[in-house]
Amino acid sequence: MNTKNQVAQVRVVRDTYCDSLRLLVATSVMAEHDDVAWAGAVMATPSGRESLAAEGFGAESIGTVGANDLVLAVRAHGKAAAETALDAGAKAAFEEARAEPGDGAVAAAPRTVSAALQRMPDASVAIVSVPGDYAALEAHHALSEGLHVLLFSDNVSLEEEAELKERAAGLGLLVMGPGAGTAVLSGTGLGFANAVRQGPVGVVAAAGTGAQEVSALLDRWGVGVSHVIGVGGRDLSEDIGGRMAMAAVRALDEDPDTKVILLVSKPPNEAVARRVLDQCASTPAVATFLGLSEMDRPSGVRMARTLEDGALTAARLAGTTPPATSEGLRAQVVEQLGALGAERHTVRGYYSGGTLCYEAQLIINELLGDVYSNEPLLPGHTVPAPPGANVLLDLGAEEYTVGRPHPMIDPSARIQIMRQEARDPEVAVVLLDVVLGYGSHEDPAGQLVPVLREIMADGGPRVVAYVLGSDTDPQGYARQRATLEQIGCLVTETAARAAYTAAAIASRRPELTELHQ
């Protein structure tokens, strides 16, 4: 960490609570100021203090603080720049949503679940987005009020999750999460959702960007979704036992608007997965358990290898003929190979979506051999990787997001990492996702253009990109895709097809673009 000529400034606001979304907003606002090298807004929990210490803000900088204290920290080129950024961060942290009562007075937003229900007595879902130390308690408060819970927060313990979900199951309620970034309930998107049309496919997902991928594909192919229920990445583990996945599948099986059920997960506990699939009593179902292509299952359930395969199968069951996902790719790969040096033979991936990174690892491992990651497919394949290895990074993982915004919100950290690493002389392909939707950056492709131009210049690596989004997302799917294509990126129809295409370029085998169609 080069901090030469930088001024470090800290502002502590005691006994002041901000939820995780507000902290992300404050961090982004400070980081966007001129002459700011690094910025962070955190609650001073143990994990928050650890993230600050990693950036050089130890106890000597922040003093004696506790979990109820807000810390704003900045490194900037000059004291004035630091103070300006801190002022902006404080303003962003304390801006509250306002409601307009009938008498014209302005009232502060409610501070508790009970107070919110007095304002919105017909509400059926509570979104909990607070630091993990407080999240389980707030979720219990919502359950006590008879509300389903979208638990956006991370860092909820396994024991707390099991307790919450057991209680919810007894109450006939859903706890979606923890770490549930995506849900679409009766056409209303929550968290990092995309603007998708309503249709006959109900999605149950233990994978956030996996849910976004299949729902966006179904939207673009004219199918649509009835509901997308994110249950949290650990729900299908042995410890949690699939409590919420089973409840969600039962609900969709009984829903007259759901004609096909699509399940999405990283490798589940197989016995738990079977119990979940057994809930599909009368509705055709497709299971995409990444890394688990076959298992004992009910006769009405089809297995899918990838998210693309799952979405294609669900679309066909819903009576739609989806497009060919590899159309034109083989010729484009041949063209890209003409600008690639013979010494370049590896794939380097920089993902904002963890499930998309995992899916790409499966495909690259199958076609090119060992692949290394901070969230590895295989034990022992963690980074740092040996020289000449294929490396796919999940930049939305906790080690990259503690104390800074998720790369879907603010791509600056991903840009910095790519600028430092991507032009390695052995790299043939830089593989990346661009995730659109509510909550994501307003122009993610535009932010990436300068660094991608640098990467591809003078015979550098080729860039294969995938834009995850719907035609009606606020960023504009067609516009984001065109932005990347205009600078020479190869943009694919699905995330899986991007991984096949990257393997085709790295191995000089264009035919790989057409595998598993």
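This is a predicted model: local features need pLDDT of at least 70, side-chain atom pairs count only at pLDDT 80 or more; totals for chains, interfaces and linings use all residues.

Me: Is aspartate 235 buried or exposed?
Reply: Buried means under 20% relative accessible area. Aspartate 235 has a relative accessible area of 0%, so this residue is buried.

Me: Which residues does aspartate 235 touch, not counting residues up to four places away in sequence?
Reply: Contact means heavy atoms within 4.5 Å. With residues up to four places away in sequence left out, aspartate 235 touches Glu161, Lys165, Ile240, Gly241, Gly242, Arg243, Met244 and Ala245.

Me: How are helix α8 and helix α13 placed, roughly parallel or roughly perpendicular?
Reply: Two packed helices are described by the angle between their axes and the distance between the axes. Here the axes of α8 (residues 208–220) and α13 (residues 354–368) come within 6 Å. They cross at roughly 85 degrees. That makes α8 and α13 roughly perpendicular.

Me: Which residues of α13 meet α8?
Reply: From α8 come Gly208, Thr209, Gly210 and Glu213. The residues of this contact divide into 1 nonpolar, 5 polar and 1 charged. On the α13 side, the residues are Gly354, Thr355 and Leu356.

Me: Is threonine 209 buried or exposed?
Reply: The place of threonine 209 is in helix α8. Its relative accessibility is 6%, so threonine 209 counts as buried.

Me: What does threonine 209 touch, not counting residues up to four places away in sequence?
Reply: Serine 265 is 56 residues away from threonine 209 in sequence and 10 Å away in space, C-alpha to C-alpha. Leaving out residues up to four places away in sequence, threonine 209 touches Gly353, Gly354, Thr355, Leu356, Met408 and Leu468.

Me: Which residues touch the most other members of the largest nonpolar core?
Reply: This core has 64 residues. Its largest share, 10 residues, comes from helix α18 (residues 495–507). The residues that touch the most other members are Val201, Val203, Leu262, Val347, Leu392, Val429 and Leu431.

Me: How many residues are in the second, separate core?
Reply: Val130, Ala135, Ala139 and Leu277 are among its members. The second core has 50 residues.

Me: What does leucine 262 touch, not counting residues up to four places away in sequence?
Reply: Leucine 262 belongs to the largest nonpolar core. Residues up to four places away in sequence do not count here, and the partners are Val201, Gly202, Val203, Val204, Val214, Leu218, Val286, Thr288, Gly310, Ala311 and Ala314.

Me: Why do the buried residues of α12 lie on the same side?
Reply: In α12 (residues 329–337), the buried residues are Leu329, Val333, Gln336 and Leu337. They are on the same side because they cover an arc around the axis of only 100 degrees.

Me: What do the buried residues of α12 pack against?
Reply: The other side of α12 has Ala331, Val334 and Glu335, which are exposed. The buried residues pack against β20 (462–468), β21 (490–492) and α18.

Me: Which residues does leucine 86 touch, not counting residues up to four places away in sequence?
Reply: Leucine 86 lies in helix α4 (residues 79–94). At 1% relative accessibility, leucine 86 counts as buried. Beyond four places away in sequence, leucine 86 touches Gln9, Val10, Arg11, Met30, Leu72, Ala73 and Val74.

Me: What is omega for the cis peptide bond that joins glycine 177 and proline 178?
Reply: Most peptide bonds are trans. Proline 178 has its place in the loop between β8 (175–176) and β9 (182–185). The bond joining glycine 177 to proline 178 is cis, and omega is about 5 degrees.

Me: Where is proline 384 found?
Reply: The peptide bond from valine 383 to proline 384 is cis, with omega near 5 degrees. Proline 384 is in the loop between β17 (371–372) and β18 (390–394).

Me: What is phi of serine 186?
Reply: Most residues other than glycine have a negative phi. Serine 186 is in the loop between β9 and β10 (188–191). Its phi is positive, near 50 degrees.

Methods
Residues are numbered from 1 along each chain as its sequence is written. Side-chain values use heavy atoms; hydrogens and water are left out. Axes are lines fitted to C-alpha atoms, for helices over the stretch in contact, and angles run from 0 to 180 degrees between N-to-C directions. Helices (H or I, at least four residues) and strands (E, at least two) are DSSP runs, numbered from the N terminus. Angles under 35 degrees count as roughly parallel, over 145 as roughly antiparallel, 65 to 115 as roughly perpendicular and the rest as oblique. Ala, Val, Leu, Ile, Met, Phe, Trp, Tyr, Cys and Pro count as nonpolar, Asp, Glu, Lys and Arg as charged, and the others, Gly among them, as polar. A nonpolar core is a set of buried Ala, Val, Leu, Ile, Met, Phe, Trp, Tyr and Cys residues joined through side-chain atoms within 4.5 Å. Buried means under 20% relative accessible area, exposed over 50%, partly exposed in between (1.4 Å probe, protein chains only). The arc is that of the directions from the helix axis to the C-beta atoms.
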